[in-house]
Amino acid sequence: MLKLSKIFQKEFNQVPQKIIRQKTGICNEVYFVKLKDKEVVIRMNKESSDLKGLSLNIPLFKERGIVVPEILAEDYSKKLTDYNYQILTKIKGQDIEQVFFDLDREQLLQIAHEVSQVFKKIGTLSTNGKFGDVVAGIEPSKLSWAKCISENISTIKQRNEKTEVVKQKFIEILDSVFKKYKSYFDSVESQTYCDDICSKNVIIYKGKFNGLVDLDSIVYGDFLEAIGRIKASWFGTENGKIYLDAIMSEMELNNTQKEMVSIYSILNRIYWLSEIGIQFNQNTSDKIGAGEVQRWGNSVDALLGEIEL
């Protein structure tokens, strides 16, 4: 923890009283740090793009009345350590994945309302008419949403050449989905949305929505993809159904849009399955557990039961 002590001596002229590493996420190293007068969050990365992306996105969210952290300090020089870093205020509460199954129906409906408001507010941001992730302020250049979906499928296949965790049946399903829905993907208009607020990055305090964290990137594309991630995260659970149904109702989705939510849930579940055995950072491992692969495969099969190809 020497590198953290150096940072906090420089930025706050004090040594941390307590440091807790957060073990989720595949991009940044994240620590909760207790100082004399407050608790803060430090995010570290040898690459700067994710950190700079959050720095640019925070004002966009704040302007629309969405609660996000404040940046207290940031340094991309690597003069003090070999990491870029960013120190933020800590939003009170827990990540939604830690409390989701303790929430009652009314709490789930309230949180669904707030998350839907995020989609609506961020959807007012203009795009450059193209598609893909906006990282560190660099706008995407893909000419169609279909191109983004195609590249994601290619990524799954490339990973699977190394790990072989995705069954051949699922690879064939990816190709079938793309073929069947390509005209839909081609028809998608570029819209701004916040993609990674499915099973994480939504902070809950005393059963209520209390803000968003880790907003490193936003996306130009189809906001239904983000709702598909929510379905993929909580599918097969009573709380998950209440939460998803409430979001789809708040967003006034029609039957075609609900069908696409199911399609995106499958695409995302297979994409997440393909991450097994790929080491992205110290939070992840290249070890492949047969039980984990089986559980994820079963969840894909369950989602596939909802659609016809």
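## Basis

Helices (H or I, at least four residues) and strands (E, at least two) are DSSP runs, numbered from the N terminus. This is a predicted model: local features need pLDDT of at least 70, side-chain atom pairs count only at pLDDT 80 or more, and totals for chains, interfaces and linings use all residues. Residues are numbered from 1 along each chain as its sequence is written, and side-chain values use heavy atoms, with hydrogens and water left out.

## Glu29

Glu29 lies in strand S2 (residues 29–34). Glu29 counts as buried because its relative accessibility is 6%; buried means under 20% relative accessible area, exposed over 50%, partly exposed in between (1.4 Å probe, protein chains only).

The Glu29 side chain makes polar contacts with the side chains of Tyr31, at 2.9 Å, and Tyr83, at 2.8 Å. A polar contact is a pair of N or O atoms within 3.5 Å; within protein, one must be able to donate a hydrogen and the other to accept it, and residues adjacent in sequence count only if both atoms are side-chain atoms.

## Sheet and helix

Five strands make an open, antiparallel sheet, ordered S1-S2-S3-S5-S4. Strands pair if DSSP finds at least two bridges between them. S1 (18–22) and S4 (71–75) are the edge strands, each pairing on one side only. From one strand to the next, the twist averages 20°. S2 and S3 (residues 39–45) run antiparallel and share six bridges. Val30 has Arg43 as its bridge partner in S3.

Helix H2 (residues 49–63) packs on the sheet. H2 touches S3, S4 and S5 (84–89), where contact means heavy atoms within 4.5 Å. The directions of H2 and S5 make about 35°. Axes are lines fitted to C-alpha atoms, for helices over the stretch in contact, and angles run from 0 to 180 degrees between N-to-C directions.
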